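Here is a friendly briefing to read alongside the sequence and the model. Take a look at the fold before going through the points.

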Amino acid sequence: DAWSGYMAERERFMEAIKSSNNAVIYSGDSHNAWASNIKNGDGNLAAVEYAGTSVTSPGWEQRMKYISPDLTAAGFMAANPDLRYTNTEDRGFMVFEVTHDKHAGEYVYVSNIGNRQCSHFCETGLTLYPKGKGTGVRGSEDGLQLSSCELYNSALNGNSGAGSKEVVLKERKQLYGIQSVPSKGTP
């Protein structure tokens with residue numbers, strides 16, 4: 001359930017993390033990928049949340065078959081100003097690196113959940129920098145910042161299977177005879 005279903009619990013949680021400098025929440029079960037800045041009642045950043053997509057279970061793309069995933073994602077982003085990222089179409093997993101300098105998470109997706117030989121790609125990373133750390137990336141805004149897929153790229157280190165959103169869309173078209181609506185920047 002969303003935070004809105006647990007208002008009293010949310011307030012107790014916010015009170016418990018009030019003194020934290022960089023609270024991070026990991027969640028899931030919505031079967032889609034989300035990353036948000038969580039604000040307290042005063043409108044200040046209280047935590048960030050990484051919500052992982054499912055590996056195989058369908059998400060919004062099955063519930064709203066007649067609306068493109070890009071339009072669905074754009075609607076969620078417009079309605080939720082603290083939502084930094086969403087993907088309502090792809091299945092996959094997340095990769096994290098936690099250090100004293102940053103908390104980085106990357107969303108990795110696969111082209112076909114029924115085949116171990118599928119392509120995979122990292123769509124984006126989101127990084128939380130501790131307050132007071134001058135990184136040059138953060139700017140004046142606290143919370144999650146879009147970042148590159150450094151973890152994914154370094155983990156591959158020349159291994160096969162790496163692809164791009166374009167490769168994945170091509171594979172889906174070949175497998176299923178269909179192609180989802182291309183994401184921004186996809187030819």
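The notes below go from the overall fold to the sheets, the cores, the disulfide and one serine.

This is a predicted model, in which local features need pLDDT of at least 70, side-chain atom pairs count only at pLDDT 80 or more, and totals for chains, interfaces and linings use all residues. Residues are numbered from 1 along each chain as its sequence is written, and side-chain values use heavy atoms, with hydrogens and water left out.

**Overall fold**

- The protein chain holds five helices and eight strands; these are DSSP runs numbered from the N terminus, with helices (H or I) of at least four residues and strands (E) of at least two.
- Along the sequence, the elements follow the pattern α-β-β-β-α-α-β-β-β-β-β-α-α.
- Of the 187 residues in the protein chain, 40% count as buried, where buried means under 20% relative accessible area, exposed over 50%, and partly exposed in between (1.4 Å probe, protein chains only).
- The protein chain exposes about 10,800 Å², and carbon and sulfur atoms supply 52% of that area; accessible areas come from the Shrake-Rupley method with a 1.4 Å probe, and for residues only the protein chains shown count as cover.
- Among contacts (heavy atoms within 4.5 Å) between residues at least 6 apart in sequence, 57% join residues at least 24 apart.

**The mixed sheet and its helices**

- Which strand order does the mixed sheet have? Four strands form this open sheet in the order E1-E3-E2-E4, and two strands count as paired if DSSP finds at least two bridges between them.
- Strand E1 (23-27) and strand E4 (83-87) stand at the edges with a single partner strand each, so one side of each has no neighbour in the sheet.
- From one strand to the next, the twist averages 15°; axes are lines fitted to C-alpha atoms, for helices over the stretch in contact, and angles run from 0 to 180 degrees between N-to-C directions.
- E2 and E4 are antiparallel partners over four bridges, and Trp34 stands opposite Thr86 in E4.
- Helix H1 (residues 7-16) packs on this sheet, where it touches E1, E2 and E3, and its direction makes about 70° with that of E2.
- Helix H3 (residues 69-79) also packs on the sheet, touching E2 and E4, with its direction at about 165° to that of E4.

**The antiparallel sheet**

- Another four strands form an open sheet in the order E5-E6-E7-E8, with antiparallel pairing.
- E5 and E8 are the edge strands here, each pairing on one side only.
- Neighbouring strands of this sheet are turned by 25° against each other on average, direction ignored.
- Strand E5 (residues 91-98) pairs with E6 in the antiparallel sense over eight bridges, and the two form a hairpin with four residues between them.
- Within this pairing, Met94 has Tyr107 as its bridge partner in E6, while Phe96 stands opposite Gly105 in E6.

**Nonpolar cores**

- A nonpolar core is a set of buried Ala, Val, Leu, Ile, Met, Phe, Trp, Tyr and Cys residues joined through side-chain atoms within 4.5 Å.
- The largest nonpolar core has 13 residues, of which Tyr50, Tyr85, Tyr107, Leu126 and Leu144 touch the most other members.
- Strand E2 (33-39), strand E3 (45-51), strand E6 (103-110) and strand E7 (120-128) each supply at least two residues of this core.
- A second, separate core has seven residues, including Ile25, Ile38, Ala46 and Ala47.

**The disulfide**

- How many disulfides does a search of the whole structure find? The search finds one, defined as a pair of cysteine sulfur atoms within 2.5 Å.
- The bond joins Cys122 to Cys149, with an S to S distance of 2.1 Å.
- This pair links distant parts of the chain, 27 residues apart: Cys122 lies in strand E7, and Cys149 lies in the loop between strand E8 (145-147) and helix H4 (150-156).
- The torsion about the S-S bond of Cys122 and Cys149 is about -75°, so the disulfide is left-handed.
- Cys122 counts as buried at 15% relative accessibility, and Cys149 counts as buried at 9%.

**Around Ser27**

- Ser27 lies in strand E1 and counts as partly exposed, at 28% relative accessibility.
- Leaving out residues up to four places away in sequence, Ser27 touches Glu49, Tyr50, Ala51 and Gly52.
- Ser27 and Gly52 are 25 residues apart in sequence, and their C-alpha atoms are 6.4 Å apart in space.
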